[in-house]
Amino acid sequence: MSKKIEFIKKAIIVPLLFTLVLTGCSSIGGSSTKTAKSASSANSKISEETADEFVDSYMQKMKNHAPAEEIVSDVYTKEFIDKLKKNGQWEMTKQAIESTYLYIKDVSGKRTGTLTENQIKGAEFVFKTLTGESVKITAGYSYDSTTSLDVNGEASNIPGEFCALYLKDSGWKVLNSSVEELDDAFLEN
């Protein structure tokens, strides 16, 4: 596989799902310990359905090359976006996302599970590490994803994992972390 494909893979994953994580943190931890404790009662069937609808909408936005503002608002809170604008990093973030669009041919995701209470606490820790914001997450689900790229006629699929999180006062957001990373974040916190 060419170096350009490898570069584009890295350039797509980071900007689209983390939009240039300014703290430099891309994952947490080493080992993984799972808990059998189930997540809060907010994880009802309706929450699963609304999470799936949100994720489908997010994937369509990426596939259809929606304005970067729409992608970023599905990842971060309005307050964090305001910080990006105030710090002069908004245009760079938008350009990074939009520069990857021409390589994306398809994006898909499938729900793989419900986050446990400990994973939700881990997600709150990761979110705070990435943004500096303390958030309250009331529901969360894990997803597998595939991003299909075409760079100069060379096709490639990038597998990934992410979570859809329901933030109190901010709604659904995407977090580019696996359940193992959330387990590790909980243990580190």
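Q: Is T116 buried or exposed, and at what relative accessibility?
A: In this predicted model, T116 sits in the loop between β1 (104-114) and α6. Buried means under 20% relative accessible area. T116 therefore counts as buried, at a relative accessibility of 10%.

Q: What distance separates the C-alpha atoms of T116 and Y141?
A: Along the chain, T116 and Y141 are 25 residues apart.

Q: In what order do the secondary-structure elements of the protein run from the N terminus?
A: The secondary structure consists of seven helices and four strands. Read from the N terminus, the order of these elements is α-α-α-α-α-β-α-β-β-β-α.

Q: What share of the contacts between residues at least 6 apart in sequence joins residues at least 24 apart?
A: The protein has 189 residues, and buried residues make up 48% of them. For contacts between residues at least 6 apart in sequence, the share that joins residues at least 24 apart is 76%.

Q: Why are α6 and α7 described as roughly perpendicular to each other?
A: Helix α6 (residues 117-131) packs against helix α7 (residues 179-188) with the axes 7 Å apart. The contact is made by N118, Q119, K121, G122, A123, F125 and V126 of α6, together with V179, L182, D183, A185 and F186 of α7. Angles of 65 to 115 degrees count as roughly perpendicular. The two helices therefore fall in that class, their angle being about 80 degrees.

Q: Which elements are included in what covers the buried residues of α7?
A: The buried residues of α7 are V179, E181, L182, D183, D184 and A185. Their cover includes α6, β2 (137-151), β3 (154-167) and β4 (171-175).

Q: What is the length of the polar contact that joins the side chains of D183 and Q119?
A: D183 lies in helix α7 and is buried, because its relative accessible area is 2%. Q119 belongs to the α6 side of the contact between the two helices. The side chains of D183 and Q119 are joined by a polar contact of 3.1 Å.

Q: Which residue's backbone oxygen lies 2.8 Å from a polar atom of the side chain of T93?
A: T93 is part of helix α5 (residues 90-100). At 0% relative accessibility, T93 counts as buried. The backbone oxygen 2.8 Å from a polar atom of its side chain belongs to Q89.

Q: At what distance does the side chain of H65 reach the backbone oxygen of Y101?
A: H65 is placed in the loop between α2 (45-63) and α3 (68-73), and at 34% relative accessibility it counts as partly exposed. Leaving aside residues up to four places away in sequence, H65 touches Y101 and I104. E98, 33 residues away in sequence, is 7.5 Å from H65, C-alpha to C-alpha. The side chain of H65 reaches the backbone oxygen of Y101 at 2.9 Å.

Notes:
Residues numbered from 1 in each chain as written. Predicted model: local features only at pLDDT ≥ 70, side-chain atom pairs only at ≥ 80, totals over all residues. Heavy atoms only, no water. Buried < 20%, exposed > 50% of the residue type's maximum accessible area, 1.4 Å probe, protein only. Polar contact = N/O pair within 3.5 Å; in protein donor to acceptor, adjacent residues only side chain to side chain. Contact = heavy atoms within 4.5 Å. Axes fitted to C-alpha atoms, helices over the stretch in contact; angles between N-to-C directions. Parallel < 35°, antiparallel > 145°, perpendicular 65-115°, else oblique.
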